[in-house]
Amino acid sequence: MICSILETIGNTPLLTIAGSNKANEGQVLFKYERYNPGGSIKDRAAMYIINEAERRGLLKPGGTIIESSSGNFGISLAMIGAAKGYRVIILVDPKTTKSNLALLKCFGAEVIVVTEQDDTGSYHKTRISLANKLAKEIDKAYRPDQCFNLLNSEAHYKSTAREIMDDCSNQITAFITAVSTGGQLGGISKYLKTFAPHVQIIGVDAVGSSIFGGDTHSYRIPGVGLGWTPMNLNMDNIDCTYKITDEQAFLTARAFARNEGILMGPSSGACALVALKVAQELTPQDRVVCMIADGGERYIHTLFNDEWIEQQGFAAKVKMETIRAMAQELQPWSQSPAASANYRLDLTQSLDVPESTLHMNSELLRRDCDTHDSCIYID
Ligand SMILES: Cc1ncc(COP(=O)(O)O)c(C=O)c1O
């Protein structure tokens with residue numbers, strides 16, 4: 001195949017995990033997003049949003065892309081910016097790993113480290129506010145705005161969800177993914193609830209994040225969580241949620257590297273643990289599709305470093321049988337997730353979300369309501 005780097009985004013494989021998945025339970029399939037050129041699922045939303053921005057004249061030659069991201073979305077934008085010739089500025093925080101910082105810089109992105117925490121103890125709000133401020137000050141700036149831009153979930157509705165259904169010939173019993181901006185879970189759940197409503201949709205968050213309600217405190221799983229329910233996610237489409245601890249996520253990811261030869265990051269470790277649990281309660285005719293949002297190279301100095309993992313107080317060696325037993329003990333956080341949704345529409349004003357995002361969202365919501373599709377968020 002002869003093509004540009006950006007044309008290699010998508011069409012990722014679905015992997016079996018024969019060694020960790022018993023023959024008498026549901027079949028677990030990993031949607032392995034590491035094979036996107038930027039190394040994660042975020043390439044899909046980043047490419048979709050940038051293409052739309054160009055098509056609508058919001059991003060023009062000589063423009064600057066400004067985004068708040070502690071990792072994968074920033075790396076995807078940096079790669080796309082390099083390929084298309086845009087200046088890229090990414091606002092990260094102290095939790096951003098050395099590897100992610102190095103990747104951003106190798107694509108030529110400018111990096112700003114935001115050190116001020118917000119009222120939930122995380123950096124999401126402070127990063128977003130500063131990104132919005134800079135976008136106003138810099139000439140020809142464009143804010144993809146993954147947290148508030150509904151094109152984020154639309155990207156997954158249009159690509160990821162269809163790929164999964166096509167690859168499984170529409171035969172899926174449950175779908176599992178982690179959540180932060182709600183792009184993946186929002187877009188894929190909307191597609192599945194429309195075209196395959198029998199599929200059980202399961203969302204995974206970190207203990208310490210409050211997307212599905214509950215207390216907020218610091219946690220170490222990168223890429224997941226938020227202090228509110230993101231507007232890209234319609235909780236009416238979610239059947240069940242789990243909250244996973246740092247230790248559970250880290251140990252599961254390490255076990256899959258050693259036992260299956262599959263590298264994944266901590267958010268995917270969290271999802272894989274839930275996938276094992278769900279499969280244990282199903283039959284071999286059932287398929288459980290689990291999103292593996294990125295690979296492990298980004299976590300080589302943390303998750304996959306024995307000294308680092310021991311410093312966190314976690315075991316460096318763990319058997320898959322221990323992980324399977326841990327999965328069996330898991331309990332859902334909620335089986336009626338919509339009841340604990342924590343939408344914060346006031347944030348669009350207090351964080352000064354750009355007009356271009358609000359305008360885009362009204363258009364998408366109007367179109368959804370006109371076509372009698374469910375509106376993406378409820379107020
Ligand atoms: C590794 C990883 N997993 C899961 C997520 C959550 O995805 P989303 O923001 O689409 O909810 C992210 C988001 O950055 C991520 O980087």
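Trainee: With which residue does Arg34 form a salt bridge, and how far apart are the closest N and O atoms?
Mentor: Please keep in mind that this is a predicted model, in which local features need pLDDT of at least 70 and side-chain atom pairs count only at pLDDT 80 or more, while totals for chains, interfaces and linings use all residues. Residues are numbered from 1 along each chain as its sequence is written, and side-chain values use heavy atoms, with hydrogens and water left out. A salt bridge is a side-chain nitrogen of Lys or Arg within 4 Å of a carboxyl oxygen of Asp or Glu. By that rule Arg34 pairs with Glu297, and their closest N and O atoms are 2.6 Å apart.

Trainee: How many residues apart in sequence are the parts that this pair ties together?
Mentor: Helices (H or I, at least four residues) and strands (E, at least two) are DSSP runs, numbered from the N terminus. Arg34 lies in the loop between strand 2 and helix 1 (42–55), whereas Glu297 lies in the loop between strand 10 (287–292) and helix 10 (306–311), so the parts that the pair ties together are separated in sequence by 263 residues.

Trainee: Is Glu297 buried or exposed, or does it fall in between?
Mentor: Buried means under 20% relative accessible area, exposed means over 50%, and partly exposed is in between, with a 1.4 Å probe and protein chains only. Glu297 has 41% relative accessibility, so the class that applies is partly exposed.

Trainee: Which residue forms a salt bridge with Arg324, and where do the two lie?
Mentor: The closest N and O atoms of Arg324 and its partner Glu25 are 2.9 Å apart. Arg324 lies in helix 11 (residues 320–329) and Glu25 in the loop between strand 1 (14–16) and strand 2 (27–32), so the pair ties together parts that are 299 residues apart in sequence. Both Arg324 and Glu25 are buried. The partner you asked for is therefore Glu25, in the loop between strand 1 and strand 2.

Trainee: How much of the ligand's accessible area does the protein cover?
Mentor: Consider the polar contacts, meaning pairs of N or O atoms within 3.5 Å: a polar side-chain atom of Lys42 is 2.7 Å from a ligand oxygen, and a backbone N or O atom of Gly182 is 2.9 Å from one. In the side chain of Gln184, an N or O atom lies 2.8 Å from an oxygen atom of the ligand. Of the 390 Å² of accessible area that the ligand has on its own, the protein covers 95%.

Trainee: How many residues of helix 5 are buried?
Mentor: Helix 5 (residues 151–158) is mostly covered. The buried residues are Leu151, Asn152, Ser153, Glu154, Ala155, His156 and Tyr157. Of the eight residues in helix 5, the number buried is seven.

Methods. A polar contact is a pair of N or O atoms within 3.5 Å; within protein, one must be able to donate a hydrogen and the other to accept it, and residues adjacent in sequence count only if both atoms are side-chain atoms. Accessible areas come from the Shrake-Rupley method with a 1.4 Å probe; for residues, only the protein chains shown count as cover.
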